[in-house]
Amino acid sequence: MVSIAGITGVILFLEIRDSLYMPPADHGSQKVAPWNDPKVRSVVFQFVALITLGYFFYTIFQNTLANMERRGITTGFAFLGNEAGFGILMSLIPYDETYTYGRTFFVGLLNTVLVAGFGIVLATVIGFIIGVARLSNNWLIAKAAMVYIEVLRNIPLLLQIFFWYFAVLQALPSPRQSIAFGGIFHLNNRGLYFPSPIPEAGFSYVIWTLVVAVIGVIWLRRWARRRQEITGQQFPVVWVSIALIVGAPLLVFALTGAPLAWDHPSLQRFSFGGGGRMIPEFMALLWALTMYTAAFIAEIVRAGIQSVSHGQTEAARALGLRNSPTLRLVIIPQSLRVIIPPLTSQYLNLTKNSSLATAIGYPDLVSVFMGTTLNQTGQAVEIVGMTMAVYLTISLLISMFMNAYNKKIALTER
Amino acid sequence: MKKITIGLLGATAAFSMMMGSVQAGTLDDVKRKGSLTCGVSTGLPGFSNANSKNVWSGLDVDVCRAVAAAVLGDAGKVKYTPLTAKERFTALQSGEIDMLSRNTTWTHTRDTSLGINFAGVNYYDGQGFMVSKNLGVKSATELDGAAVCIQAGTTTELNLADYFRLKGMKYKAVVFDTSDQSVKGFESGRCDVLTSDQSQLYALRIKLANPGNAVVLPEVISKEPLGPVVRQGDDAWFNVVKWSLFAMVNAEELGVTSGNVDSMKSSANPGVKRLLSGDAGKKLGLNSDWGYNIVKQVGNYGEAFERNVGKGSALKIGRGLNALWSKGGLQYAPPIR
């Protein structure tokens with residue numbers, strides 16, 4: 001390690017020296033020997049540095065393989081095709097014990113993406129609300145938001161996960177004494193049970209109506225904006241949109257004779273069966289991640305809003321805008337430029353923190369693949385490598401998306 | 001420029017040589033360090049459990065202590081590394097611990113593909129189920145649809161899947177990292193069933209707030225030979241661990257206990273002589289009093305069993321399969337000669 005650092009240091013030094021070297025004037029006609037030509041030298045040194053670095057990693061890789069071989073540890077990715085033989089609590093894709101280890105990877109991956117996806121959306125919504133509430137003129141609301149932020153962001157996340165899981169959700173009654181909400185939802189220490197919909201013939205009309213409604217709303221928004229730009233007249237886009245997206249499918253649903261059956265969960269020998277179910281591990285993890293990250297997002301939102309000069313508010317008032325349009329049309333668009341970059345890191349944090357799932361047994365990627373699969377196959381290097389690559393990829397994708405969004409917002413700057 | 005290039009090549013060569021791993025024998029390492037690093041569980045009464053003064057005890061801990069007594073002459077010179085089921089093999093493979101004695105099941109996959117060797121069996125076990133009494137379940141065949149708490153990274157996970165599939169039953173596996181967490185899950189009612197090796201179920205039951213409320217079902221669904229584990233490819237060390245365990249079993253068979261070992265030293269029985277003095281130790285790279293130290297400081301296998309999991313403990317497990325072969329059990333050690 002030391003020698004590599006040393007070599008890199010020497011190369012850097014030589015390069016800096018070369019770039020500082022100023023060729024004397026009026027020697028353009030003279031031929032410079034290649035080893036004295038700063039351009040050639042810098043290219044050569046870059047090349048040597050690259051080769052050395054490549055060789056360094058190649059050696060590490062080969063050495064690891066050779067050492068594992070010598071100790072009789074199986075290597076390679078062939079294990080991904082073997083039968084897993086263990087059960088997983090929750091899976092978004094068909095899975096049972098007869099599927100392969102490769103399948104467990106995707107089961108874990110999707111569970112991670114699920115909790116991270118929901119977490120990001122919920123944390124953003126709650127974070128924005130709390131952040132705006134923190135700046136409210138109402139003393140009580142502002143202080144309540146402040147207490148929320150200070151309490152939640154100063155308690156370690158793992159502790160919060162344990163709190164929600166062991167202290168709240170596990171303290172719920174057993175399936176036989178579960179809390180029923182109108183006989184439709186059942187909440188107990190095995191999770192939240194709810195009826196799952198079974199579409200019948202004719203339900204596709206409802207779906208298609210919804211699709212058409214969404215397209216219609218997009219078109220309507222464009223039209224309303226253009227009209228406002230030309231004539232200055234406003235159109236109640238929000239209300240019409242809601243009416244279209246909710247009302248139209250409902251109307252079709254009623255006209256086709258409500259083609260939807262419900263599979264209600266019912267009490268069986270040990271617990272509820274049938275219907276849908278949200279496991280307590282998922283609820284605890286999602287809730288803890290959301291509440292924790294929302295506290296940070298709230299502070300980011302507050303900072304973003306406060307970064308917009310008060311003159312902007314006064315100017316909006318002078319134009320006759322009320323509170324809500326001032327916030328929506330003037331303050332927030334400008335504060336988003338400040339909010340987006342730190343918000344991205346919060347999203348990344350949330351995604352990576354979801355790996356704490358293993359502490360309460362939520363079957364995420366770390367728990368299933370880097371836990372059980374690793375232990376059953378013993379191929380630590382391959383599995384840890386794959387898991388790291390997954391988190392890196394997810395994080396880079398989030399970054400990429402957020403950077404693109406950031407760019408789009410920045411363009412509106414004058 | 002030339003000089004730099006040569007220097008660079010030299011440095012690279014030196015570096016790649018540096019990367020070649022240095023692998024000394026574990027036996028020499030332990031002797032040099034003056035202590036044995038032993039991987040144990042994070043807390044399982046009877047097998048490896050630390051008391052409030054951080055003193056470890058248990059049947060698995062006694063194997064560590066026996067090896068320390070044989071190699072270093074002092075059973076107390078052990079550093080314990082508590083490991084979860086998930087961490088244990090990686091800790092052994094990477095050299096973080098010298099040996100693993102953590103109720104680990106000997107299976108084909110583990111023996112052949114993890115680069116480890118099992119140095120014998122110190123407890124013959126089998127997987128069982130524990131349920132809450134008020135559920136009214138009498139047999140494991142009535143468990144269709146149950147939620148089952150398990151510890152991650154164990155053979156238990158696989159046996160459970162096999163058993164339920166064979167019986168055409170469904171289950172929901174709730175997987176926790178440590179046995180403490182799975183007990184908590186069982187206690188709070190997150191699952192109907194707690195499954196593990198039967199010995200562990202008895203051990204975990206005494207950790208419950210109300211042990212009388214839980215029953216262990218009669219079915220044993222698997223073979224779980226538990227034993228100490230070492231790294232593959234270090235035969236000298238493999239022999240030391242293997243024969244330390246055999247010495248304990250042989251001592252019981254020969255009737256040598258920690259109480260009578262001093263008087264037995266002058267016994268006429270040649271078997272006892274070979275165990276307590278003689279050149280067996282030298283062939284292992286140890287002192288000739290290795291067997292004496294084990295029996296004197298740790299006791300024979302029967303003593304360790306009764307003290308930790310048998311009559312002298314809270315677990316009260318019978319010898320069963322773990323009786324000596326001459327008494328109808330499976331504990332059988334090759335002779336020292």
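Two residues are in contact if their C-beta atoms, placed from the backbone, lie within 7 Å. Keep that in mind for this talk. One more thing before we start: this is a predicted model.

Let's begin in chain A, with two helices. Helix α3 of chain A covers residues 101–134, and helix α4 of chain A covers residues 139–153. Which residues of α3(A) and α4(A) meet? From α3(A), we have A:Ile130, A:Ala133 and A:Arg134. From α4(A), the partners are A:Ile141, A:Ala142, A:Ala145, A:Met146, A:Tyr148 and A:Ile149. Sort the residues of this contact by class and you get 8 nonpolar, no polar and 1 charged.

Now the geometry. The axes of α3(A) and α4(A) come within 7 Å. They cross at roughly 130 degrees. The two helices are therefore oblique to each other. The crossing of α3(A) and α4(A) is left-handed.

Next, where chain A meets chain B. How many residues does each chain bring to the contact? Chain B brings 41, and chain A brings 42. On the chain B side, several elements each supply at least two residues: α1 (2–19), α4 (88–93), β9 (146–151), α6 (155–166) and β10 (171–176). Which element of chain B gives the most? That is α1(B), with 7 residues. By class, the side of chain B that touches chain A has 19 nonpolar, 13 polar and 9 charged residues.

Let's pick out one residue, B:Ser113. Find B:Ser113 in helix α5 of chain B, residues 108–113. B:Ser113 has 16 C-beta neighbours inside 10 Å, so it counts as partly exposed. Set aside the neighbours within four places in sequence, and B:Ser113 is in contact with A:Thr74 and A:Gly378. Now look for B:Ser263. B:Ser113 and B:Ser263 are 150 residues apart in sequence. In space, C-alpha to C-alpha, they are 46 Å apart.

Step back to chain B and its domains. The domain assignment gives two of them. Domain 1 takes residues 26–124 and 225–314. Domain 2 takes residues 127–222. The contact between the domains takes 15 residues from domain 1 of chain B and 15 residues from domain 2 of chain B. On the domain 1 side, the classes are 7 nonpolar, 7 polar and 1 charged. The C-alpha centres of the two domains lie 30 Å apart.

Now a covered helix: α8 of chain B, residues 198–205. How many of the residues of α8(B) are buried? The count is 8 of its 8. Among them are B:Leu201, B:Tyr202 and B:Leu204, as well as B:Arg205. What do the buried residues of α8(B) pack against? The list includes α7 (179–187) of chain B and the strands β5 (99–105), β8 (127–132) and β11 (193–197) of chain B.

Last stop, one more helix pair in chain B. Helix α9 (residues 235–254) and helix α14 (residues 301–308) pack with their axes 6 Å apart. Their angle is about 100 degrees. They are therefore roughly perpendicular to each other. α9(B) brings B:Met248, B:Val249 and B:Glu252 to the contact. α14(B) brings B:Tyr301, B:Gly302 and B:Ala304. By class, this contact of α9(B) with α14(B) has 4 nonpolar, 1 polar and 1 charged residues.

Notes. Residues are numbered from 1 along each chain as its sequence is written. Chains are lettered from A and ligands numbered from 1 in the order in which they are written. This is a predicted model: local features need pLDDT of at least 70, side-chain atom pairs count only at pLDDT 80 or more; totals for chains, interfaces and linings use all residues. Domain bounds come from an automatic or database domain assignment. Ala, Val, Leu, Ile, Met, Phe, Trp, Tyr, Cys and Pro count as nonpolar, Asp, Glu, Lys and Arg as charged, and the others, Gly among them, as polar. Axes are lines fitted to C-alpha atoms, for helices over the stretch in contact, and angles run from 0 to 180 degrees between N-to-C directions. Helices (H or I, at least four residues) and strands (E, at least two) are DSSP runs, numbered from the N terminus. Angles under 35 degrees count as roughly parallel, over 145 as roughly antiparallel, 65 to 115 as roughly perpendicular and the rest as oblique. A residue is buried if 20 or more other C-beta atoms lie within 10 Å of its own, exposed if 12 or fewer, and partly exposed in between; C-beta atoms are placed from the backbone. A crossing is left-handed if the near helix is turned anticlockwise from the far one by less than a right angle, and right-handed if clockwise.
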